[in-house]
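The sequence and the structure are shown first, and the description comes after them.

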Amino acid sequence: MVFDTAKGSFTALVDVNLKVARGEVISIIGHSGCGKSTLLNIVAGLTRNTSGVLLLDGKEIDSPGPDRAVVFQNHSLLPWLSVYGNVKLAVDKVLSARMDRRQRHDWTVHNLELVGMGHALDKRPHEISGGMKQRVGIARALAMEPKVLLMDEPFGALDALTRATLQDTLMDIQAKLGNTVIIITHDVDEAVLLSDRIVMMTNGPSARIGEICEVALPRPRRRLELTENPEYLRARGAVMRFLYERQRHPKAA
Ligand SMILES: Nc1ncnc2c1ncn2[C@@H]1O[C@H](COP(=O)(O)OP(=O)(O)OP(=O)(O)O)[C@@H](O)[C@H]1O
């Protein structure tokens, strides 16, 4: 991925080669500015890659589509619509051909219940907490039945306790639905807890995939049981060493 900038061309990513299996949870971790969001935006079709190719189920993807839903760090809910309205809008847009009005209503409510927001259907975004807004964003993404759920630091703006609850919600939903998830995070524990594999990016410019760490922990994963689990500690140590030894922050280096 090369960007044209006022100061000339800027190579953000090189040689990114990654296969994600259906139902796999992948996290992407790396220091600030290494190109995580750029990579996710390319997969989402929001940024057009300057070379290389992306395949989803064997078909090339080069523009946004309902097969890839994105959850951003700062919720992107429409403030004038209710919780219900925000999800319904997406459901109407994507599923009208397949579902009648009643089914779309039921599907909207179902997805909000799935994330624990069934009690707040009529609330507006300003009336609910940050964690609740992220829940609605996740419901909206899930309701579109994407092949891949793309999450750009979805819990980054939340306090630690709310973040933990939402991580658990995501794991429960993923266990139920088998979603394929690509999640960007800065949080090593979050990466180990959630992922089947952790993709570690080298520092930019010209960032690439430095290492990939497999997390061989059985599911369901319970955070309290993991704190002294040898595999948890191994994976955590591997990511920490990558980030703070081999890829020290550019400023520190
Ligand atoms: N549209 C653009 N034009 C020029 N350069 C860009 C553009 N978008 C991103 N970049 C550059 O590409 C690099 C990667 O940016 P990106 O936002 O993907 O990093 P990141 O790893 O997601 O960072 P953070 O963790 O801080 O969110 C940065 O140096 C950034 O300045």
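The sections below go through the basis of the model, the ligand shell, the strands, the helix packing and the backbone.

## Basis of the model

The model is predicted; local features are taken only at pLDDT of at least 70 and side-chain atom pairs only at pLDDT 80 or more, while totals for chains, interfaces and linings use all residues. Residue numbers start from 1 along each chain as its sequence is written.

Helices (H or I, at least four residues) and strands (E, at least two) are DSSP runs, numbered from the N terminus.

## Ligand shell

There are 13 residues around the ligand, and Phe-3, Ser-32, Lys-36, Ser-37 and Thr-38 come nearest. A residue is near a molecule or strand if its C-beta atom, placed from the backbone, lies within 6 Å of it.

Which elements supply at least two residues each to this shell? They are strand S1 (2–5) and helix H1 (36–44). H1 gives the largest share, three residues. By class, the shell has four nonpolar, eight polar and one charged residue. Here Ala, Val, Leu, Ile, Met, Phe, Trp, Tyr, Cys and Pro count as nonpolar, Asp, Glu, Lys and Arg as charged, and the others, Gly among them, as polar.

## Hairpin and sheet

S1 pairs with S2 in the antiparallel sense over four bridges; two strands pair if DSSP finds at least two bridges between them. The two strands form a hairpin with two residues between them. Within this pairing, Val-2 stands opposite Thr-11 in S2.

An open sheet is built from six strands in the order S6-S7-S8-S3-S9-S10, with mixed pairing. From one strand to the next the twist averages 20 degrees. Axes are lines fitted to C-alpha atoms, for helices over the stretch in contact, and angles run from 0 to 180 degrees between N-to-C directions. In this sheet, S3 (residues 25–29) and S9 (residues 197–201) pair in the parallel sense over four bridges. Ile-29 has Met-200 in S9 as its bridge partner. Helix H8 (residues 230–246) packs on the sheet and touches S3, S9 and S10, and its direction makes about 170 degrees with that of S10.

## Helix packing

Two packed helices are described by the angle between their axes and the distance between the axes. Angles under 35 degrees count as roughly parallel, over 145 as roughly antiparallel, 65 to 115 as roughly perpendicular and the rest as oblique. A crossing is left-handed if the near helix is turned anticlockwise from the far one by less than a right angle, and right-handed if clockwise. Residues are in contact if their C-beta atoms, placed from the backbone, lie within 7 Å.

The axes of H2 (residues 83–95) and H3 come within 9 Å and cross at roughly 125 degrees, so H2 is oblique to H3. This crossing is right-handed. From H2, Val-83, Tyr-84, Val-87, Lys-88, Val-91, Asp-92 and Leu-95 meet Arg-104, Trp-107, Thr-108, Asn-111 and Leu-112 in H3. The contact has seven nonpolar, two polar and three charged residues.

H3 (residues 101–114) also packs with H4 (residues 130–143), at an angle of about 130 degrees and with the axes 9 Å apart. These helices are therefore oblique to each other, and their crossing is right-handed. Trp-107, Thr-108, Asn-111, Leu-112 and Leu-114 in H3 face Ala-139, Leu-142 and Ala-143 in H4 across this contact. Six of the contact residues are nonpolar, two are polar and none is charged.

## H4 with H5

How are H4 and H5 oriented to each other? With an angle of about 20 degrees and axes 10 Å apart, H4 and H5 are roughly parallel. Their crossing is right-handed. Gly-131, Gln-134, Arg-135 and Leu-142 in H4 meet Thr-162, Leu-166 and Ile-173 in H5; by class these are three nonpolar, three polar and one charged.

## Backbone details

Gly-204 and Pro-205 are joined by a cis peptide bond with omega about -5 degrees. Pro-205 is placed in the loop between S9 and S10. Another cis peptide bond, with omega about 0 degrees, joins Arg-219 and Pro-220. The loop between S10 and helix H7 (223–226) holds Pro-220.

Asp-15 is not a glycine, yet has a positive phi of about 50 degrees. Asp-15 lies in the loop between S2 (8–11) and S3.

Definitions and conventions. Contact = placed C-beta atoms within 7 Å.
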